[in-house]
Amino acid sequence: MTLNLKNTFEDVGNATLFAARFFKEVFIPPYETRQFLKQCYAIGYKSLPLVAITGFIMGLVLTLQSRPTLVKFGAESWLPGMVALSLIREIAPVITALICAGKVSSGIGAELGSMKVTEQIDAMEVSAINPYKYLVVTRILATTLMVPILVIFADAIGILGGYAGINIHGDVSFYRYITKIFQSLEFLDIIPATIKTFFFGFFIGMIGCYKGFNASNGTESVGKAANSAVVTASLTIFIIDMLAVQITDLFF
Amino acid sequence: MEKQSGYTWKLGMFVTIGLLLFILAVYFIGKQKNIFGSTFRLTSSFKTVSGLEIGNNVRFSGINIGTIDEIQLVNDSTVVVGMVIKDDVREFIKTDAKASIGSDGLMGDKVLTITPGIKSQKIVENNAQIASLSSIEMSDIMKTVKKSMDNVGVISEELAIFSHSMNNGNGALAKLIRDPGMANAMDKTLNNLEKGTKGFSENMEAAKSNFLLRGYFKKKEKEKEEKLEEAKEAKEKKEEQQEKAEKEKVKTK
């Protein structure tokens, strides 16, 4: 029991050191620009279809689900504003982050894990390439910058989905729908939500890399690394979300 | 390099569109809050703002033209409200415009409404102060309601006294209502009166045919007929010739 607890704390400590190392290495040249762009492409662009489909469905479903209640109160005209608010503030960031945790974090975990297991990382070190810089920094940086952009896409496509949902029952012109949404939005809705997506992105990359980088020898540990990367990243996303909302609530 | 450019343009497009969407959103929200574009300020002082908040809309002729950006308590009975308004509508707001606070829809969001004045032709200056109309407060309504309720109380009290004396008193009206004997007496009186008038009209007929009085009645009838004929003649003459009628008038004079 005590050993178990100690192991957990050691894990947390290692992860913290791992994250601290990222901040140290990210500013020191040489920069692995090409590798960074490649990761951005793989993480950002390649995840776009998945995020777009989820965003569209979330917008559509949210509209259809909240419509009966609003109709009951005679507040159907608030539907666009309400859907856009809940999408932008909460649903799009969290859902996108979870999808990225599933797709990106597990991918990074498995990739780095297998590299570790097949001793490619050691080989890199031998050939005077800093594996942390080449593999970890580029990936974490890529997720940190790409997840917010994916969330913006999810917001936009989710709003389109909401428009489709509204037009199932009624007939609203697109221009009116958009005006209605911007009427109900404030900076306070967009800015904190965007800031927290950077944290989501950072932790998705960081946890995936950490799990992969610390895979022990043996093929099964690759699967384990991928699995625990997804689980831990998803859990972390919810915890960060809770913290972010509470902090936003406190200050504004 | 060939291989690399295969994905970089896709990545570039992805990032550009994403950032563009974000910037557009920020721009439109800012536009909604009148942060961009030229604006001007107006202030107005109220006794009470009844729950108006910073960020509420300002309306002019039912159009949203700006937002409240400042609410400041000056002393215990004055609140100064500052508003930011689009510059485009400035030419329509004259110096005698008045601000009032109303509520918007059922959910009770407050709006500040600017009502145009009548006389002034002068356009408001930046940072000018415009007059305010005090909004109808619930407490004021309750005051007037209380006044009329008090009156109703007095009236109903008097009504109670009146009906009590009606039922138990010995006044004429009370007797009329309650006493059946009185009713009978009234009935009889009325019957007698009817009979009396009938007899009187018969008497009148008899008097008309009486030889002493016949002359008088005949005279009266003749006079009536003459008057009618005269009026007819006068009318005809007027229609025929105005001058003649004038001459005749002189003659009659």
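**Entry 1: strands of chain B**

I looked up Gly66(B) and found that its bridge partner in E4(B) is Ile85(B). Helices and strands here are DSSP runs numbered from the N terminus, a helix being H or I with at least four residues and a strand being E with at least two. The model is predicted, so I noted its limits: local features need pLDDT of at least 70, side-chain atom pairs count only at pLDDT 80 or more, and totals for chains, interfaces and linings use all residues. Residues are numbered from 1 along each chain as its sequence is written, while chains are lettered from A and ligands numbered from 1 in the order in which they are written.

Strand E3 (residues 63-75) of chain B pairs with E4(B) in the antiparallel sense over 8 bridges. Two strands count as paired if DSSP finds at least two bridges between them. I also noted that E3(B) and E4(B) form a hairpin, with 2 residues between them.

Which strand of chain B pairs with strand E1 (residues 39-46)? I found strand E4 (residues 78-86) of chain B, again antiparallel, over 8 bridges. Within this pairing, Phe46(B) has Val79(B) as its bridge partner in E4(B).

**Entry 2: confidence**

I read an average pLDDT of 81 for chain B, with 89% of the residues scoring at least 70. pLDDT is the predictor's confidence in each residue, from 0 to 100. For the complex, the predictor gives an ipTM of 0.76 and a pTM of 0.65.

**Entry 3: chain A**

I counted 9 helices and 0 strands in chain A. Of its 252 residues, 41% are buried. Buried means 20 or more other C-beta atoms within 10 Å of a residue's own, exposed means 12 or fewer, and partly exposed lies in between, with C-beta atoms placed from the backbone.

I then looked at two loop residues. Most residues other than glycine have a negative phi. Glu119(A) has a positive phi, near 60°, and lies in the loop between helix H4 (79-117) and helix H5 (120-126) of chain A. Is Glu119(A) buried or exposed? I found Glu119(A) exposed, with 12 other C-beta atoms within 10 Å.

Ala128(A) is not a glycine either, yet has a positive phi of about 60°. Ala128(A) sits in the loop between H5 and H6 of chain A and is exposed, with 6 C-beta neighbours inside 10 Å.

**Entry 4: where the chains touch**

I found 17 residues from chain A and 15 residues from chain B in the contact. Two residues are in contact if their C-beta atoms, placed from the backbone, lie within 7 Å. Among the helices of chain A that each supply at least two residues to this side are H2 (33-43) and H6 (131-169).
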